[in-house]
Amino acid sequence: MELILAAAEAYSEKYTSAESELMYRLNRETHLKVELPHMLSGQVQGRFLSMVSHMIRPRRILELGTYTGYSAICLAEGLTADGILHTVDINEELETLCHQYFEASGYADKIKMHIGKAADVIEQLDEVFDLVFIDADKSGYEHYYDLVWDKLRPGGFILADNVLYHGQVLAPENEQGRQAKAMISFCEKVLADDRAEQVLLTIRDGVLMIRKK
């Protein structure tokens, strides 16, 4: 099931800043050519990510789960002049498409794409991050949270996507899929962590916003 009514989503889109022509093209090409296009952030979530990035003005961003690069470009829009965004994905087949749009966006020199397992890449990065966006394999969220915590500055933010998992998190336990159960377990882990404060936002498929105290 989906939690957000189609009419409510349309209303949200109407009163949200429109996609740029480039982001519209990336959105359309993803839907036409790439499997699982629902994974793309899209207009409302994309503008939300850009807005958060502009508010924080991060110098370093880490994104886990690049897909076709839409969210990376949105996040890069708020980087400082010397800012860098590291984005990680395991699917090398989409790397060329991502770089094509990174170049067209003007942020190619600010986005460093890593192909490999997220956990391995995280451990190799010697950075202190202001903002982390987790949108990779759902069963790995708890591990990624632990791995990035010490690399996140005090007062820094983590945004974790898909925490509503298509509404399955509200279904009876025996009807929840593995991914939904992973999202519930992750949210419970964050809730129990007194080093963090958090708010769950019902944007798209749910975003858990976490601030390191």
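In this predicted model, a right-handed β-α-β unit is made by strand 1, helix 4 (residues 70-76) and strand 2. Strand 1 covers residues 60-64 and is largely enclosed by the rest of the structure, because 5 of its 5 residues are buried.

- On the strand 4 side, Leu131 stands opposite Ile61.

**Side chains of strand 1**

- In a regular strand, side chains alternate between the two faces of the sheet.
- Arg60, Leu62 and Leu64 point one way from strand 1, while Ile61 and Glu63 point the other way.
- Residues pointing in either direction are buried, the charged Arg60 and Glu63 included.

**Contact of helix 7 with helix 8**

- Two packed helices are described by the angle between their axes and the distance between the axes.
- For helix 7 (residues 141-149) and helix 8 (residues 178-191), the axes come within 9 Å and cross at roughly 30°.
- Helix 7 contributes Tyr141, Glu142, Tyr145 and Asp146 to the contact, and these meet Met183, Ser185, Phe186, Lys189 and Val190 of helix 8.
- By class, the residues of this contact are 5 nonpolar, 1 polar and 3 charged.

**Aromatic rings**

- The whole structure holds 4 aromatic pairs.
- One of them is formed by Tyr141 and Phe186, which are edge-to-face at 5.4 Å centre to centre, with 90° between the planes.
- Since Tyr141 belongs to helix 7 and Phe186 to helix 8, this pair ties together parts that are 45 residues apart in sequence.
- Tyr141 counts as buried because its relative accessibility is 0%, and Phe186, also at 0%, counts as buried too.
- Tyr145 and Phe186 have ring centres 5.9 Å apart and planes at 80°, so this pair is edge-to-face.
- The pair of Tyr145 in helix 7 and Phe186 in helix 8 links distant parts of the chain, 41 residues apart.
- Tyr145 has a relative accessibility of 1% and therefore counts as buried.
- Which residues form one aromatic cluster? The members are Tyr141, Tyr145, Trp149 and Phe186.

Definitions and conventions. Residues numbered from 1 in each chain as written. Predicted model: local features only at pLDDT ≥ 70, side-chain atom pairs only at ≥ 80, totals over all residues. Heavy atoms only, no water. Buried < 20%, exposed > 50% of the residue type's maximum accessible area, 1.4 Å probe, protein only. Helix = DSSP H or I, 4+ residues; strand = E, 2+ residues; numbered from the N terminus. Right-handed = clockwise from strand over helix to strand, strands pointing away. Pairing = 2+ DSSP bridges. Axes fitted to C-alpha atoms, helices over the stretch in contact; angles between N-to-C directions. Contact = heavy atoms within 4.5 Å. Phe/Tyr/Trp six-rings, centres within 6.5 Å; stacked < 30°, edge-to-face > 60°.
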